[in-house]
Amino acid sequence: MGLRKWRREIPLHMMILPGLVLILIYSYVPFFGLTMAFQKFLPARPFFDNPWVGLEHFRYVWDMPNSLRVLWNTLYIASLKIVVGQLVPIAVALLLNELRKEWLKRGVQTLIYLPHFLSWIILGGILIDILSPSQGIVNQLLGVFGIEPIYFLGDNRWFPITIVISDVWKEFGFNTIVYLAALTGINPSLYEAAVIDGASRWKQTLNITLPGILPIVVLLATLSLGNVLNAGFDQVFNLYSPSVYESGDIIDTLVYRVGLEQAQYSVATAIGLFKSIVSCVMISLSYFLAYRLANYRIF
Amino acid sequence: MIRMSMGYRVFNAFNILFLVALSFACLLPIIHILAISLSGSSEAGAGLVSLWPVGFTTSSYEFILKKPEFLTSIGVTLQRVALGTVVGMLITLLVAYPLSKETHAFRMRTIYAWAFVFTILFNGGLIPWYMTIKWTGIMDTIWALVLPGAVPVFNIILLLNFFRGLPKELEESASIDGAGHWTTLWRIYAPLSMPAIATIMLFTIVNHWNSWFDGLILMKSHDNYPLSTYLQTILVRMDLTSVTGEALNNLREVSDRTAKAAQIFVGALPIMLVYPFLQRYFVKGIVMGSVKE
Amino acid sequence: MKMTRTVATAATTALLLATVLSACSGGNNGNQASSSSSAPAESSAAASGSATESSAPAIDPLGKYDPPIEVTAIRPYDEMTKFVEGQNADNNEWISVYEEKLGIKLKHAWTFQGPGEQYDQKLNVAIASNDLADIMAVNPNQMKQMVEAGQLEDISGVYESTASEFVKTSMNADGGVSLKSATFDGKLMGIPRLGSDIDNVALLWVRTDWLEKLGLPEPKTMSDVLAISKAFTTQDPDGNGKADTSGLALTKDLEGGFAGFEGFLNGYHAYFNIWIKDASGQLVNSNIQPEMKAALAEMQRMYKDKEIDKEFGTKDGTKVAEAVTSGKIGMYYGQMWTPLWPLQGGKDLDPNMQWRPFAITSVDDKPALGQVPFSVNQYYVVKKGAKNPEAAIKMLNLWFDMRYDHPYQEEVYGATKDGIETFKHSLIAGAPITYNIDKYRTVTPRLDSKDPSGLKPDVQLIYDDIMRYREGDNKGWGNERVFGPEGSFTVIEKYLETNSILRNEFYGAPTATIGEKGATLMTLLKETFTKIIMGAAPIDDFDKFVTDWKKLGGDQITQEINDWYAQQ
């Protein structure tokens with residue numbers, strides 16, 4: 001009956017309430033700042049009193065000589081990161097799952113999470129060393145195979161890949177943990193039944209493990225789609241240089257340099273808004289696709 | 001257990017080899033940084049350190065540790081982590097549970113869900129964030145480090161998906177026994193989601209431990225800086241495009257390199273030690289797979 | 001040039017004034033007594049600015065407020081600032097002396113000790129949120145923003161009426177340029193923190209032990225320099241049989257106080273990113289001049305011949321420092337402080353290493369001029385509507401009085417016997433342009449006489465280090481290379497004597513187009529120059545760069561700069 005249902009729902013509303021209040025205050029209220037994207041912001045004035053300039057800030061960035069190049073670099077690097085950044089943790093989680101010795105499993109698990117704690121400031125220095133064409137060990141290794149030294153961080157052909165691979169190395173531990181936790185959630189009896197049916201480990205992986213973690217994979221992939229314009233400011237900033245602006249300059253580094261001349265909050269807000277809109281569109285699309293095609297609600 | 005075929009044995013061997021190599025690839029830079037942090041500043045500055053300290057000295061650590069601010073900031077961080085994790089986990093559980101229900105059981109569900117997701121997509125910007133925190137009067141208090149980030153939407157989404165994966169029969173039989181939503185959440189769902197909860201708790205702890213930017217902007221007094229912020233402020237940044245005459249004497253003291261390296265360790269070590277303990281919870285699989293369709 | 005004469009004039013004037021003022025000190029005491037009893041009237045008079053005309057007698061530059069007033073402030077402390085035992089940022093000798101002598105209770109809204117960029121971040125947020133204090137230490141960009149937003153008080157009046165004669169003279173020692181840089185629409189909106197620009201000129205640093213080993217002469221012309229560079233690259237100066245050394249150090253940022261290219265450019269009469277007068281007296285930007293092309297061409301050749309590290313394009317200052325201290329590079333252009341870092345590190349590792357600074361050499365018979373950046377990068381601003389704007393001026397007066405005019409208790413307010421630099425605790429500060437070179441001039445005769453008596457603690461430190469080095473302890477080498485008879489300041493002294501310092505003709509706040517297009521133009525420049533040097537683009541791409549630069553906003557900026565210039 002209507003009333004009973006309503007009464008049954010009340011505890012649910014109550015549970016959500018604290019979280020809702022918090023986001024209303026600390027996330028929704030600050031949204032008023034988005035108006036900065038359309039105004040000429042002057043600090044001493046009440047927020048809505050600033051002169052309205054419409055889309056001028058967007059036009060300003062668009063009109064910059066390298067805006068298209070920068071947009072392309074951002075999309076390229078971010079997309080690669082999303083794809084590789086999802087595939088690697090899945091693979092590693094699966095491989096890790098096959099380890100029989102508990103201590104080995106735990107050891108590896110801990111160690112692969114460690115790079116997450118390193119900041120790009122110090123990693124930058126390390127990477128420059130090991131990727132150096134003249135002295136870096138990576139190129140020395142390549143030399144063993146007869147490959148010419150590659151200037152990873154200074155060559156526009158290699159810079160994006162280097163960024164992607166080093167970032168995945170740093171962060172794959174994070175997603176691997178999530179997948180591992182998901183793997184433990186798969187009912188063991190399914191495996192027992194499969195063994196009885198004589199299925200090989202590989203078949204088990206295909207038919208039990210993968211489908212078992214599929215929801216999480218879709219979830220993480222979708223959420224990471226929201227980052228399609230976040231190529232990783234911290235990392236790129238510490239690794240790039242004028243010699244690789246062509247392939248490595250991303251939206252955020254461009255906005256940063258603009259901001260050095262003047263604390264351009266309006267421009268930064270405009271660009272932030274643009275990125276948010278794109279993320280929102282991507283995530284909404286994935287949400288609806290997953291719902292329509294697989295009857296799976298991501299959230 | 002599972003009988004290993006020849007092919008599987010080979011695979012197993014390679015797998016172990018590969019994963020160990022991968023672990024080394026992750027471990028080596030850490031060792032390198034540890035070595036730098038224990039090396040002399042000239043040696044580190046000349047790039048002479050690889051995996052072993054050269055010119056062994058603990059002066060970088062002394063530099064960081066002997067300041068009284070170090071102890072105060074650890075206190076602040078511990079406070080923040082404790083408070084932030086408790087508040088964050090509570091909110092996560094409380095929000096994930098209702099959102100994991102079907103729409104027919106909870107009609108506003110999808111609207112609420114989008115309301116939460118919206119907050120990770122859109123961001124009002126640094127200045128409005130600062131102003132809002134000022135208006136709510138929590139500036140320069142521990143709550144400024146806890147409340148604004150108390151709703152971790154990503155974690156909530158993870159947890160709600162886990163909840164969804166639990167057999168529906170559990171809830172049905174609980175409700176038949178007269179359990180309301182609160183009891184179901186705390187007595188049934190939560191215990192069964194231990195791996196997910198442990199994972200999320202780890203992320204929350206790490207996040208609070210490492211956040212330094214909010215501490216920098218929102219804390220007026222140096223005594224209120226959390227550890228990560230304090231560590232950021234002691235780095236001597238070498239801005240070579242403009243070094244003032246008065247900065248002359250600074251340059252002779254602690255090297256940029258070794259201090260940064262020590263900073264990483266002081267900041268990250270506690271977490272690296274906590275993590276293995278939380279791992280236990282991942283391993284305990286779900287036993288109650290008994291009711292299955 | 002204009003500079004040295006002004007310095008001499010200022011020094012003489014200061015000397016005269018000092019004599020006059022000290023004679024009048026009895027009269028001053030009387031003034032203080034009378035002003036303290038009539039303090040309320042005095043402060044309100046200053047606030048309304050009505051006393052500006054009849055300035056000097058009416059308002060005592062060091063008059064004490066009675067009852068005391070409260071003033072809030074926001075300020076940075078640099079990373080290495082230390083405090084005397086039991087004291088801290090909010091409670092130290094300068095805060096006490098402000099209250100004792102001036103009746104000003106200084107309360108910090110907040111302070112920040114750490115890297116400058118973090119202070120800026122914090123302050124930027126506070127400014128944008130209009131969360132201000134009475135007095136704040138800001139950078140030029142922040143000041144400009146705050147002026148535009150109407151957040152600052154016009155202090156022209158209180159400066160006129162309250163600043164002491166000594167302060168006014170010191171401030172004008174550079175021709176009034178510093179004050180002008182803080183002036184908007186004819187109104188003074190902030191107090192510039194005086195600094196020394198000559199400290200930032202590029203010197204040519206060469207490894208003299210390698211010079212000796214290879215039997216090369218000291219560099220007097222650019223061809224000498226190029227010959228040295230070639231020899232360092234090809235003749236194996238470290239004697240290890242490997243071709244692993246190079247001639248000239250360069251960082252990926254191209255500019256900078258260590259391994260920047262400014263000094264090299266200056267040798268070709270090219271300058272990096274300043275405004276210079278052309279033949280018709282108009283201001284033009286140095287980046288697009290033909291001399292720049294010649295310098296770049298030479299660098300391109302050097303890169304090709306491996307005299308510049310092949311990987312310089314990805315190496316920042318710290319990475320290049322590694323190469324220098326581990327003995328892989330023998331020459332760089334850098335500022336006077338570079339022996340302290342990074343060279344000291346190299347000396348510690350290899351005691352046989354020896355470096356000497358030389359004057360920049362020229363490519364032809366026209367002497368090379370060393371460019372220096374504008375010396376002021378911090379301003380003290382007063383919030384609009386602050387109750388006592390003249391308080392800032394009084395603190396300025398006190399600083400100059402206690403530090404330079406009538407040095408007072410140096411070991412309390414300057415630097416203690418333990419080396420704690422307490423002068424850093426002062427809210428309002430500034431040093432005459434000759435601050436560091438004066439240290440050099442003071443210490444030099446004492447080195448011969450071996451008599452350190454009466455030296456101020458910071459100069460004493462230098463004296464001790466030089467003596468230590470002479471006795472064989474390399475720990476003192478750094479300071480000796482800066483302040484000793486073969487050091488940086490001997491070269492800078494020479495620059496001053498021969499008028500070889502070139503200043504930026506533009507010192508105003510960034511213009512509108514600079515704010516809009518500056519970043520784009522700099523990106524274009526760095527990308528193009530790096531490509532040219534690395535040989536990834538032909539030298540004639542420079543001409544295309546010039547056209548693009550003008551089109552993308554350069555012409556507009558040049559126009560704005562010249563408009564400004566016409567009004568000076």
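1. A crossover is termed right-handed if, with the strands pointing away from the viewer, the path from the first strand over the helix to the second runs clockwise. In chain C, strand S1, helix H5 (residues 93-102) and strand S2 form a right-handed β-α-β unit. Helices (H or I, at least four residues) and strands (E, at least two) are DSSP runs, numbered from the N terminus.

2. The model is predicted: local features need pLDDT of at least 70, side-chain atom pairs count only at pLDDT 80 or more, and totals for chains, interfaces and linings use all residues. Residues are numbered from 1 along each chain as its sequence is written, and chains are lettered from A and ligands numbered from 1 in the order in which they are written.

3. S1(C) (residues 69-77) and S2(C) (residues 104-113) run parallel and are joined by nine bridges; two strands pair if DSSP finds at least two bridges between them. Within this pair, Lys105(C) of S2(C) lies opposite Glu70(C). S1(C) also pairs in the parallel sense with S3(C) (residues 135-138), over two bridges, and Ala73(C) stands opposite Ile135(C) there.

4. These strands belong to an open, five-stranded sheet of chain C with mixed pairing and the order S2-S1-S3-S13-S6. S2 and S6 (191-192) of chain C stand at the edges with a single partner strand each, so one side of each is left without a neighbour in the sheet. The partner of S6(C) is S13(C) (residues 379-382), to which two bridges join it in the antiparallel sense; Pro192(C) faces Tyr379(C) in this pairing.
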